[in-house]
Amino acid sequence: MRLKFFLGAILISSVLVTGCTAETTAEKEGGSLVLLTEEKPEIAEGFTIYKYEGGYRKISVKDDGREYLMIPEGKEIPSDTEGAFPIKEPLNNIYLAASAVMCQFDAVNETGRIRFSGIDDDEWTIQSAIDAVKSGQMEYCGNYASPDYEYLASEGCDLAVENLMVLHKSEVIEKLEALGIPVFIDRSSSEEDPLGRTEWVKVYGTLTGKEKEADEAFEKQKKAVDELKGLGKTGKTVACFYIASTGQVVVPKSGEALAGMIEMAGGDYIFSDLKDDSARSTVKMPMEEFLLKAKEADILLYDGAIVAVSDKSELLDKSRLLSSFKAVREDNVWYMEDSLYQNASKTGDIVRNLRLMLENDNSGDYIRKLDE
């Protein structure tokens with residue numbers, strides 16, 4: 001049911017943003033809301049946050065039109081919430097199926113609100129999540145496609161945070177909501193700008209009541225990226241890839257987050273014109289085609305998240321054609337740890353790691369040079 005605002009008069013001529021003192025008042029018909037500010041993100045395009053009198057906040061998601069109204073503890077659900085999914089505070093028993101956004105909770109020091117996980121205990125790379133598993137505070141409760149509905153309901157799960165994969169399993173959404181568990185669908189992965197994905201920390205700051213901390217976390221990463229951009233281009237080309245079990249090479253499309261971060265770091269992504277009409281973030285190609293396009297790349301960056309390798313010799317065993325690449329001959333083959341994918345909230349830190357790679361500095365946290 002979508003929120004209806006019965007405006008007596010339009011009191012604003014432009015979008016209200018954080019810090020504005022202007023106020024838009026709705027007629028109070030049976031508990032209507034009084035709008036204070038409409039906060040649009042700086043870089044992200046997928047959400048808007050509205051704040052109302054009484055501590056009510058609404059998250060409006062652009063791509064699917066879903067809206068979520070935060071109901072402060074002890075407050076009633078307003079009558080004019082048509083179209084908005086009410087989420088009652090406080091949230092202390094969240095089921096997180098969208099594992100990639102654990103970093104956003106971590107960024108505002110609210111990992112403790114995650115009680116149920118959608119990935120196995122040993123798959124976490126974020127320290128606060130690892131600690132939560134060890135202490136018993138967080139437990140696996142089935143993946144996004146098959147959560148343990150009975151257990152979630154019996155243990156008082158108060159919110160399910162899902163990624164876009166759940167849209168292929170609409171029955172999961174229906175069952176969770178039938179049990180009284182609100183479902184929030186994260187769409188941060190749809191942001192083209194890597195910093196736009198990071199800015200979704202503001203959404204999770206809103207969900208947890210940590211708006212100030214979320215703003216600070218985003219500004220820290222944005223500042224880091226701005227400083228790195230100021231260093232200028234290095235003139236070095238980078239080919240990022242991994243080799244699937246089929247022998248095909250898988251590379252990120254242009255416009256994807258990793259490609260964007262390479263450019264931010266001062267490199268040139270060698271597949272900058274690689275696009276297709278699919279929803280996938282990657283493209284598969286035969287090794288021979290990869291050879292033609294990336295043979296002269298200054299740096300090869302291997303993505304270890306899907307198919308890991310331990311050293312350069314193991315990588316070369318996957319295809320001897322790699323031996324002819326310039327980066328292999330010049331010992332410029334690097335490895336991207338799988339932990340990078342659980343840290344979308346740290347775009348600035350990742351771009352800094354990429355800059356170190358471009359400068360042949362092997363001191364980064366997420367990216368290292370592959371040993372012989």
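**A tour from Gln104 to the cores and cysteines**

Start by selecting Gln104, which is buried at a relative accessible area of 2%. Keep in mind that you're looking at a predicted model. Gln104 sits in helix H1, which spans residues 102–107.

What surrounds Gln104? Setting aside neighbours within four places in sequence, show Arg197, Thr198, Trp200, Val201, Tyr204 and Ser345: Gln104 is in contact with these. Zoom in on Arg197, where the backbone oxygen lies 3.2 Å from a polar atom of the Gln104 side chain. Now pick Glu123 as well: it is 19 residues from Gln104 in sequence and 17 Å away in space, C-alpha to C-alpha.

Next stop, the largest nonpolar core. It holds 57 residues, and Phe241 and Phe290 touch the most other members. Colour strand S13, residues 237–243, to see the largest share of this core, 6 residues. Then click on Phe241 and, skipping neighbours within four places in sequence, look at what it is in contact with: Val249, Val250, Val251, Phe290, Leu300, Leu301, Tyr302, Asp303, Leu315 and Leu322. There's also a second, separate core of 46 residues, with Cys141, Leu159, Leu176 and Val203 among its members.

Last, the cysteines. How many disulfides does a search of the whole structure find? The count is 0. Select Cys157, which is buried at 8% relative accessibility. Its closest cysteine sulfur belongs to Cys141, but the two sulfurs are 7.7 Å apart, so that's too far for a bond. Finish at Cys240, also in no disulfide, with the nearest cysteine sulfur 18 Å away in Cys103. Cys240 is buried, with a relative accessible area of 1%.

Conventions. Residues are numbered from 1 along each chain as its sequence is written. This is a predicted model: local features need pLDDT of at least 70, side-chain atom pairs count only at pLDDT 80 or more; totals for chains, interfaces and linings use all residues. Side-chain values use heavy atoms; hydrogens and water are left out. A nonpolar core is a set of buried Ala, Val, Leu, Ile, Met, Phe, Trp, Tyr and Cys residues joined through side-chain atoms within 4.5 Å. Buried means under 20% relative accessible area, exposed over 50%, partly exposed in between (1.4 Å probe, protein chains only). Helices (H or I, at least four residues) and strands (E, at least two) are DSSP runs, numbered from the N terminus. Contact means heavy atoms within 4.5 Å. A polar contact is a pair of N or O atoms within 3.5 Å; within protein, one must be able to donate a hydrogen and the other to accept it, and residues adjacent in sequence count only if both atoms are side-chain atoms. A disulfide is a pair of cysteine sulfur atoms within 2.5 Å.
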